[in-house]
Amino acid sequence: MPNPAARVRALPEYPLAAIPQRKRELLARGVDVIDLGAGDADLAPPAAVCDALDRAARDPRMSRYGFGLGLPAFREAISAWMTRRFGLTFDPLTELVPLIGSKEGIAHVAFGFAEPGDVCVIPEPGYLAYLGGAVLADATPHVVPLRQRQGFLLELDDLPREVLARTRIVYVNYPNNPTAATAPLEYLERLVARCRDLDALLVYDNAYSELAYDGYRPVSIFEVDGARDVAIEFHSLSKTYNMTGWRCGWAVARPELAGVLAKVKSFIDTGAFMAVQAAGIAALESWSDFVPRNVETFRARRDAAVSAFRAHGFTCEVPRATMYLWVTLPDGVPSAGFAERLMSEEGVIVLPGSAFGAAVQGFFRVSFIVPPERLADAASRAGRVLASFGASVS
Ligand SMILES: Cc1ncc(COP(=O)(O)O)c(C=O)c1O
């Protein structure tokens, strides 16, 4: 039997891979499962998006290959949205790359920029597509712990000089999954300046740019002077419009950088279903009707989750963005063991800190993907598990 390649053996198991099967088993046993695992809300996309898909799916032209160009009107809609939202101008044809979900582009970008052995700087905890992309491209991942006392900001100046000298790609994500940290503009300015010094590609993962609360408005990295020289930014319709399964996103960068990703992809895929791109236009055009109301739903869930988890003995900050609560566990409570018992004994699925990097201990992530009452029920079940750990820890 053929052996898997070393690069595949070097990858950890993907944290969400085993959960659907575990969930099926629990449901089959009649357990009342509350799934707060993936960032995958139970809410509907905008009606206009479904109507647009329906119309487009019946148009035979949409059933043909999209190729890298895709639907030019989708590129134009993205460009117009980037201008409305961030005040930035991007050429629809040369500075945008439509993606089959942003994960796809994030995972492929290292093929375009990293030589074998080049260092890719990976935040931990972090979205595992960064590690996956770097390892599959035969680059050398350099994992950097994000520290609560540093606001979970990745500080390049903390890295050894010899690592920085070999750094080709730096991945960052703010608003952050899983910590919900946000990045001040002066931090982003520092980051862009350091990447320019290093001549490293700054991969700015902005999947949560539209899911922010209490008047906070996340920025685009391109609002920072000089970012166009080094950055590529990734956007997604997934979280903003409850369209995770539709697989629709884009990358944006100056033509020389965007063109590299487009070239890599031209050898890997033949573009997203164009009817989905047509629906993407409807999503972007429905921003002002849909997004503030949808964010309000998540805000109510956030508030319910914060108060319920705190009431049951947990410690967490109030997130200003994302659909996640990053909950601190008391010393001595192992995050993987806690999440496992919470799932098997109480039917509540959360992701342990270790799902976002092997060394991450002492946290678990809750997604606000169910209504407030279910979040409150989940917190109460989690409190029971915590209490039983408390007994064995003390
Ligand atoms: C930080 C981050 N980036 C990117 C993605 C990918 O989103 P999609 O591939 O659905 O666009 C996710 C999804 O969970 C995420 O959490």
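So, which side chain has an N or O atom 2.7 Å from an oxygen atom of the ligand? That would be Lys239.

What you're looking at is a predicted model, where local features need pLDDT of at least 70, side-chain atom pairs count only at pLDDT 80 or more, and totals for chains, interfaces and linings use all residues. Residues are numbered from 1 along each chain as its sequence is written, and side-chain values use heavy atoms, with hydrogens and water left out.

Okay, the overall picture. The chain has 13 helices and 13 strands; those are DSSP runs, helices being H or I with at least four residues and strands E with at least two, numbered from the N terminus. Its radius of gyration is 21 Å, close to the 21 Å that the globule rule gives for 394 residues, so the chain is as compact as a globular protein of that length. That radius is taken over C-alpha atoms, and the rule is 2.2 Å times the number of residues to the power 0.38. Along the principal axes, the C-alpha atoms fill a box of roughly 60 × 55 × 55 Å. And 55% of the 394 residues count as buried, where buried means under 20% relative accessible area, exposed means over 50%, and partly exposed is in between, with a 1.4 Å probe and protein chains only.

Back to the ligand. It has 15 residues around it, and Asp205, Tyr208, Ser236, Ser238 and Arg247 come nearest; to count as near, a residue needs a heavy atom within 4 Å. Now the polar contacts, meaning pairs of N or O atoms within 3.5 Å. Asp205 puts a polar side-chain atom 2.5 Å from a ligand nitrogen, and Tyr208 has one 2.6 Å from a ligand oxygen. How much of the ligand's own accessible area does the protein cover? The answer is 93% of 400 Å², with areas from the Shrake-Rupley method and a 1.4 Å probe.

Let's walk around that neighbourhood. Ala207 sits in the loop between strand S6 (201-205) and strand S7 (231-236). Is Ala207 buried or exposed? Buried, at a relative accessible area of 8%. Ala207 is also 33 residues from Thr240 in sequence, while their C-alpha atoms are 8.3 Å apart in space. In that loop between S6 and S7 you'll also find Asp214, which is exposed at 56% and has a positive phi, near 55°. Arg247, one of the residues that come nearest to the ligand, has a positive phi too, near 60°. Arg247 lies in the loop between S7 and S8 and is partly exposed, at 31%. Why point these out? Because most residues other than glycine have a negative phi, and most peptide bonds are trans.

One joins Tyr174 and Pro175, with omega about -10°, and another joins Asn177 and Pro178, with omega about 10°. Pro175 is in the loop between strand S5 (167-173) and helix H8 (185-198), and Pro178 lies in the loop between S5 and H8 as well.

Next, strand S8, residues 249-252. Gly249 and Ala251 point one way, Trp250 and Val252 point the other way, and all are buried. S8 runs antiparallel to strand S2 (residues 96-99), joined by 4 bridges; strands pair if DSSP finds at least two bridges between them. In that pairing, Val97 stands opposite Ala251. S7 pairs with S8 in the antiparallel sense too, over 4 bridges, with His235 opposite Trp250.

Further along there's an open sheet of 4 strands, in the order S9-S10-S13-S12, with antiparallel pairing. Its edge strands, S9 (315-316) and S12 (351-352), each pair on one side only. Inside it, 5 bridges join S10 (residues 324-328) to S13 (residues 363-367), and Tyr324 has Ser367 as its bridge partner.

Last topic, the cysteines. A disulfide here is a pair of cysteine sulfur atoms within 2.5 Å, and the count comes to 0. For Cys195, the nearest cysteine sulfur is that of Cys120, 12 Å away. Cys195 is buried, at 0% relative accessible area.

Notes
A polar contact is a pair of N or O atoms within 3.5 Å; within protein, one must be able to donate a hydrogen and the other to accept it, and residues adjacent in sequence count only if both atoms are side-chain atoms.
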